[in-house]
Amino acid sequence: MNRRSHEITYKNFETPLGSPVLAILDKIGTPEDFREPDLLHFHKHMEIGFCYYGNGVMILDDQKIPYGSNTFAVIPRGISHLTKSHDKIGYSWEYLFIDVDGLVSEVYKDNPPMAKYLLSRINSHAFLSRADRQPEIASLIRQILDVMRRQEELYLEEARGLAFALLICLARQNTDGSQLPGYRHSVNSNIVISPALVLINNEPGQPFKISELAKICHISETHFRRVFSEYMKMSPVKYINQVRIRQACDDLKRSNDSINVIAARSGFPSLSTFNRNFRQITGVTPQQLRKHPDLYVPDAAFTPPLSKT
């Protein structure tokens, strides 16, 4: 797959307050209602998907890997991916999102070196595998899903313990990859810049400095600009402006606030700068979009490069 032909978006999934695990259960569909947008996306938490039936392909960064019934995927934070079902059959998936960094750091709060070591092992690879090839990991995934489904007394504590056991299994197997049947994908530049991408998408109105974005990614500004442009196919400034315009489009359609207020909230220093960027990106003016919302649909016409799920 040519990455240039696919845009990438950040999709936000937050774990519940006080729990490192979020479950999305009973995601079932038919060929008629399954039309997954052709958009790679990434998350700030690890995504684990279990396919009960159906088949298709999963795209991990620039690789296409077939999946089928009783297949599971483990995708660390920051790795772009997309699941596409074949049109002739239905599908059934369930998902877990795990705050890996938060859980491991909590368990090893008195031993930061061990936490850092485990996180490097756990987050080092994405992979797709059949349950019969990885029965221990598959069993833990199913147990966590069942616990989250039943929601019996103390279920969040039980899910936390099972999630940590699962992470230890992943850390144990993420060595040189020789023990991992199925597909293995090494983390690349996507995960390097993902802290900046998450921040930009969560708080587009903030007055970002490129040097500060580079700092939270723990790389130099020069290296940050080079990696960002290489992976995103645009400069950091252009990306920030596009995310801000996406927010402005949403505000114009959902609120009655003045265009001046929306421009300021979106992070633009002046109305003229806002209007210029808005027209460059959407092809229409803010006033035109407010009167005719169908003229431009950000999620379809533009999702800023880089939360089926």
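**Charged side chains and a helix crossing**

Q: What does arginine 160 count as, at 24% relative accessibility?
A: The structure shown here is a predicted model. Buried means under 20% relative accessible area and exposed means over 50%, with partly exposed in between. Since its relative accessibility is 24%, arginine 160 counts as partly exposed.

Q: Which side chain meets arginine 160 in a salt bridge?
A: The salt bridge of arginine 160 has an N to O distance of 2.9 Å. The pair links distant parts of the chain, 54 residues apart, with arginine 160 in helix α4 (residues 155–173) and its partner in helix α1 (residues 100–107). The side chain in question belongs to glutamate 106.

Q: How many residues apart are lysine 44 and glutamate 14?
A: The side chains of lysine 44 and glutamate 14 meet in a salt bridge of 2.7 Å, N to O. Lysine 44 sits in the loop between β3 (40–42) and β4, while glutamate 14 sits in the loop between β1 (8–10) and β2 (21–29). The pair links distant parts of the chain, and the separation is 30 residues.

Q: Which residues do salt bridges with shared partners join into one network?
A: Let's begin with aspartate 146 and arginine 149, whose side chains meet in a salt bridge at 3.2 Å, N to O. Both lie in helix α3 (residues 135–150), three residues apart, which is about one turn of the helix. Salt bridges that share partners make one network of Glu94, Asp146 and Arg149.

Q: How many salt bridges does the structure hold?
A: Side chains of opposite charge can pair when their charged atoms come close. Across the structure, the number of salt bridges is ten.

Q: Which side chain joins glutamate 47 in a polar contact of 2.8 Å?
A: Glutamate 47 belongs to strand β4 (residues 46–53). This residue is buried yet has no salt bridge, and the nearest side chain of opposite charge, lysine 11, is 7.6 Å away. The polar contact of 2.8 Å instead joins glutamate 47 to the side chain of histidine 81.

Q: How are helices α8 and α10 oriented to each other?
A: The axes of α8 (residues 236–254) and α10 (residues 271–282) come within 10 Å and cross at roughly 90 degrees. Residues that meet here include Ile245 and Leu252 in α8, and Phe274 and Phe278 in α10. Angles of 65 to 115 degrees count as roughly perpendicular. The two helices, α8 and α10, are therefore roughly perpendicular.

Terms used. Residues numbered from 1 in each chain as written. Predicted model: local features only at pLDDT ≥ 70, side-chain atom pairs only at ≥ 80, totals over all residues. Heavy atoms only, no water. Helix = DSSP H or I, 4+ residues; strand = E, 2+ residues; numbered from the N terminus. Buried < 20%, exposed > 50% of the residue type's maximum accessible area, 1.4 Å probe, protein only. Lys, Arg positive; Asp, Glu negative; His and termini not counted. Salt bridge = Lys/Arg side-chain N within 4 Å of Asp/Glu carboxyl O. Polar contact = N/O pair within 3.5 Å; in protein donor to acceptor, adjacent residues only side chain to side chain. Axes fitted to C-alpha atoms, helices over the stretch in contact; angles between N-to-C directions. Parallel < 35°, antiparallel > 145°, perpendicular 65-115°, else oblique. Contact = heavy atoms within 4.5 Å.
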